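Dear colleague,

Please find the structure below, handed over for your use.

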Amino acid sequence: MRLKGKVAIVTGAAKGIGEGIALKLAEEGSNVVVSDIDLNGCKNVCDKIEKKYKVKAITIKCDVSNKCDVENMVDRTLKKFRKIDILVNNAGIYPLKPFLEMAEDDWDKVLDVNLKSVFLCSREAAKVMKAGAKIINISSIASLIGYQNLAHYCASKSGMNGLTRAMALELAPKKINVNAIAPGAIETPGLKKVFNKEVEKQIISMIPLKRIGLPEDIASAVAFLASDESSYITGHVLVVDGGWTIQ
Ligand code: NAP
């Protein structure tokens, strides 16, 4: 158990990749704050954690783009656990919209939920984090290559990579490591909303390892970056995509 006794906040943890990360961190011995706008989903994940692992888990409803919600999430975490060792900025949205039809509101929503949130959550958590703490941002391969109908999303995730490097520099004197993971296509409720079977087949044919990834594939990488084993890695963007972007 690489994370015994640690305290982790995972945002967007009610389902999908966030749920996979929350379960993996618990398996590794960390107490977990399961946070999302979907409180029922959070409760289900908490139940799974407490049934399976000998750690504590609590749910906190938080819209990561809302400063008051974020402050409340950090306050409640400190009241319950007295510290924050790991922050996983996972919450994110990817609604498809052609560039020429993209309204200002579409742009603002995606940038707020995917990028401003990382600034808000990381700043709040980093104020109280101690040496050895870790911040892990869930980016996307859309931060590295362009995708149709996702201009706002691509911009938000590229921004996240830049923010990861800048935070890594500024937080290095406090010995807080900041890294990002860039997943390829991962099987989640969110992805099911934008993929049909035909698109899925096409995508699998483009992935050298010939499968869509699972939340566990991302969770394993998060567990490594959250552990002391990665203490000399900071400001890095780790691609986890079955080889999709190496061609
Ligand atoms: P998902 O299945 O849609 O799950 C995301 C969770 O975040 C949902 O519970 C969602 O609630 C919640 N959420 C949405 N807006 C929020 C907000 N403002 N504050 C807090 N929580 C919020 O998504 P996913 O596929 O697991 O994606 C998770 C992360 O991985 C995202 O950052 C995404 O960009 C990134 N990613 C995913 C893939 C992929 O292929 N799945 C690939 C690359 C990167 P509701 O369901 O109620 O909206």
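Tryptophan 244 has 12% relative accessibility and therefore counts as buried (under 20% relative accessible area is buried, over 50% exposed and in between partly exposed, with a 1.4 Å probe and protein chains only). Please note that this is a predicted model, in which local features need pLDDT of at least 70 and side-chain atom pairs count only at pLDDT 80 or more, while totals for chains, interfaces and linings use all residues. Residues are numbered from 1 along each chain as its sequence is written, and side-chain values use heavy atoms, with hydrogens and water left out.

Aromatic pairs

The structure holds two aromatic pairs (rings of Phe, Tyr and Trp, the last by its six-membered ring, pair if their centres lie within 6.5 Å). In one of them, the ring centres of tyrosine 147 and tryptophan 244 are 5.9 Å apart and the planes stand at 75°, so the pair is edge-to-face (planes under 30 degrees apart count as stacked, over 60 as edge-to-face and the rest as tilted). Distant parts of the chain are linked by this pair, as the two residues are 97 residues apart. Tyrosine 147 belongs to the loop between β5 (134-138) and α5 (151-171), and tryptophan 244 to the segment after β7 (237-240). Helices (H or I, at least four residues) and strands (E, at least two) are DSSP runs, numbered from the N terminus. Tyrosine 147, at 25% relative accessibility, counts as partly exposed.

Helix α1 and helix α8

The axes of α1 and helix α8 (residues 215-226) come within 8 Å and cross at roughly 50°. Axes are lines fitted to C-alpha atoms, for helices over the stretch in contact, and angles run from 0 to 180 degrees between N-to-C directions. Contact (heavy atoms within 4.5 Å) involves residues including Gly16, Ile17 and Gly20 of α1 and Pro215, Ile218 and Ala219 of α8.

Isoleucine 21 is a residue of helix α1 (residues 16-27), and its 0% relative accessibility means that it counts as buried. Beyond residues up to four places away in sequence, isoleucine 21 touches Val10, Val88, Asn90, Ile138, Ala219 and Val222. Isoleucine 21 and glutamate 216 are 195 residues apart in sequence, yet their C-alpha atoms are 7.2 Å apart in space.

Helix α3 and helix α4

Helix α3 (residues 67-81) packs against helix α4 (residues 104-128) at an angle of about 30°, with the axes 9 Å apart. That angle makes α3 roughly parallel to α4. The residues in contact include Val70, Met73 and Leu78 of α3 and Leu120, Cys121 and Val128 of α4.

Histidine 152

Histidine 152 lies in helix α5 and, at 1% relative accessibility, counts as buried. Its contacts, leaving aside neighbours within four places in sequence, are Pro95, Lys97, Met102, Asp106, Trp107, Val110 and Leu111.

Positive phi values

Most residues other than glycine have a negative phi. Arginine 82, in the loop between α3 and β4 (86-89), has a positive phi near 70°. At 70% relative accessibility, arginine 82 counts as exposed. Lysine 175 lies in the loop between α5 and β6 (177-183) and has a positive phi of about 60°. Lysine 175 counts as exposed, at 53% relative accessibility.

Yours sincerely

Terms used. Parallel < 35°, antiparallel > 145°, perpendicular 65-115°, else oblique.
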